[in-house]
Amino acid sequence: MPRNQFQRMVFAFLTVVITVHAYVFYSLYVVNGNVLMEITGSNSVLNAISTQGGVYMFGRMLPIWAVVLVEFAFAYTLEILLGSPLSFKMASRMFDPKRNHPMIFETVIISCTVLIMCPAMSFIAAWLYYPYYAGFNLFTLLANWMKLVCFNFPFAFFSQVFFIQPFVRWAFGKLFAKDIKARNTGREQERPQDEQEVIADIFRRMDEIQESLAHERRQRKRLAEKVNTKNE
């Protein structure tokens with residue numbers, strides 16, 4: 001897992017790149033695909049987008065690549081400044097990384113990230129995709145925000161837990177394999193300071209605990225054998 005700021009930024013970059021593309025596909029094809037085809041009379045979503053001159057965003061039509069870039073900029077900024085640090089703090093208040101299984105703690109962190117990022121990005125999307133051609137109304141904006149949260153939250157949770165985060169962590173492990181191997185074999189024991197260091201360090205501490213318990217059981221068995229020998 002990431003150990004320094006550069007690695008954290010790379011980890012966030014991989015996560016956001018995959019997530020933004022997944023959300024654009026989900027929004028255009030799954031949520032709004034049928035509507036786009038009905039309005040334009042096209043037989044595919046891509047043809048519908050081409051017919052209407054792009055994707056409606058912030059009062060104008062933009063190409064899909066521009067939509068992806070805009071959403072990436074907002075999502076990456078929020079992930080670095082808000083999502084990643086707050087999710088670790090929230091998870092640490094609910095679970096103790098020293099006592100709970102690493103997979104449980106990691107899943108809680110992912111869930112907290114979704115809990116933070118989904119409403120935040122949905123609120124931004126409510127502004128970006130608001131139908132300004134019909135005039136602006138605050139209650140309509142809030143209603144659109146709630147609608148987006150209801151659409152996005154299930155997709156965000158299941159995609160992050162079961163697909164995106166497992167792939168990102170695998171890819172990150174391949175990119176920084178040498179650093180991770182050197183860290184795991186190093187003798188220096190550092191106290192973890194954030195989410196990534198906790199997850200990377202917790203496996204080692206679990207092995208140490210199991211070894212300590214096994215040693216204690218052996219000592220008790222030897223003591224019991226000595227007591228039995230004296231009694232005989």
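Student: At what angle do helix H1 and helix H4 pack, and how far apart are their axes?
Tutor: Two packed helices are described by the angle between their axes and the distance between the axes. In this predicted model, helix H1 covers residues 5-31 and helix H4 covers residues 64-94. For this pair the axes lie 9 Å apart, and the packing angle is about 135°.

Student: Which word describes the orientation of H1 and H4 to each other?
Tutor: Angles over 145 degrees count as roughly antiparallel and those from 65 to 115 as roughly perpendicular, whereas the angle for H1 and H4 is about 135°. The two helices are therefore oblique to each other.

Student: What is the handedness of the crossing in which H1 passes H4, and how many nonpolar residues does their contact have?
Tutor: The crossing of H1 past H4 is right-handed. On the H1 side the contact includes Met9, Phe13 and Leu28, and on the H4 side it includes Ile64, Phe72 and Ile80. By class, the contact has 3 charged residues, 1 polar residue and, for the class asked about, 14 nonpolar residues.

Student: Is threonine 77 buried, partly exposed or exposed?
Tutor: Threonine 77 lies in helix H4, and its C-alpha atom is separated by 9.5 Å from that of alanine 12, which is 65 residues away along the chain. Buried means under 20% relative accessible area and exposed means over 50%. Because its relative accessibility is 41%, threonine 77 counts as partly exposed.

Student: What is the phi of phenylalanine 58?
Tutor: Phenylalanine 58 lies in the loop between strand E1 (55-57) and strand E2 (60-62). Although this residue is not a glycine, its phi is positive, at about 55°.

How values were computed:
Residues numbered from 1 in each chain as written. Predicted model: local features only at pLDDT ≥ 70, side-chain atom pairs only at ≥ 80, totals over all residues. Heavy atoms only, no water. Axes fitted to C-alpha atoms, helices over the stretch in contact; angles between N-to-C directions. Helix = DSSP H or I, 4+ residues; strand = E, 2+ residues; numbered from the N terminus. Parallel < 35°, antiparallel > 145°, perpendicular 65-115°, else oblique. Left-handed = near helix turned anticlockwise from the far one by under 90°. Contact = heavy atoms within 4.5 Å. Nonpolar A, V, L, I, M, F, W, Y, C, P; charged D, E, K, R; others polar. Buried < 20%, exposed > 50% of the residue type's maximum accessible area, 1.4 Å probe, protein only.
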